[in-house]
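Let's take a friendly walk through a protein model together. Have a look at the chain below and turn it around a few times before you read on.

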Amino acid sequence: MRTSMLGHRGFGTGALLALMVVVTVLVGGCVVYEPVYVPSSSYGSTYGRVWDSALGAAEDAGVKITSADRSRGVIQGVTSSSDVTISVISQADGRTRVEFSSKGPKGQDPDLNDRFTHFYNRRMGR
């Protein structure tokens, strides 16, 4: 009886050891890549250049500018079917972010955002 208990105990230990080896091999095979910095072409752009590009791109996209407050970073305008707001925001890391939004009847000018983005990127040299 003692022999059969030892044999059973040895099988459990072997299975546990095999499981530990498999887990160790699987975890050891995992690779974590370090994030890679990809410089943005707008990273070194001044607020003024971004502002001017956003203002010009809005006009190029067919937006009639109704107000532009550079100190607040807000450009407002209209198209035949939408009210448009463009925000130019200085971020803590030194970059400048541009946000574009339009409000109007759904589906009236579905490519307005794409047109603005295209003209903005062209003015920024992208």
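Which residues have the most contacts inside the largest nonpolar core? Before answering, note that this is a predicted model, in which local features need pLDDT of at least 70 and side-chain atom pairs count only at pLDDT 80 or more, while totals for chains, interfaces and linings use all residues. Residues are numbered from 1 along each chain as its sequence is written, and side-chain values use heavy atoms, with hydrogens and water left out.

Now to the core. The largest one has 17 residues, and those with the most contacts inside it are Ala54, Val84, Ile86, Phe100, Leu112, Phe116 and Tyr120. A nonpolar core is a set of buried Ala, Val, Leu, Ile, Met, Phe, Trp, Tyr and Cys residues joined through side-chain atoms within 4.5 Å. Buried means under 20% relative accessible area, exposed over 50%, and partly exposed in between, with a 1.4 Å probe and protein chains only. At least two residues of this core come from each of α2 (47-60), β3 (83-90) and α3 (112-123). Helix α2 gives the largest share, five residues. In soluble globular proteins, nonpolar side chains tend to be buried together.

Where do these elements sit in the chain? Its order is α-α-β-β-β-β-α, with three helices and four strands. These are DSSP runs numbered from the N terminus: helices are H or I with at least four residues, and strands are E with at least two.

Let's follow the strands. β1 (residues 64-69) and β2 (residues 74-78) pair in the antiparallel sense over five bridges; two strands pair if DSSP finds at least two bridges between them. Serine 67 faces glutamine 76 in β2. Four residues lie between β1 and β2 in their hairpin, and in the turn glycine 73 has a positive phi of about 80°. β2 also pairs with β3 in the antiparallel sense over five bridges, with isoleucine 75 opposite isoleucine 86 in β3. Here, too, a hairpin of four residues makes the link from β2 to β3.

Finally, come out to helix α1 (residues 2-28), where leucine 16 lies. Is this leucine 16 buried or partly exposed? Leucine 16 counts as partly exposed because its relative accessibility is 49%.
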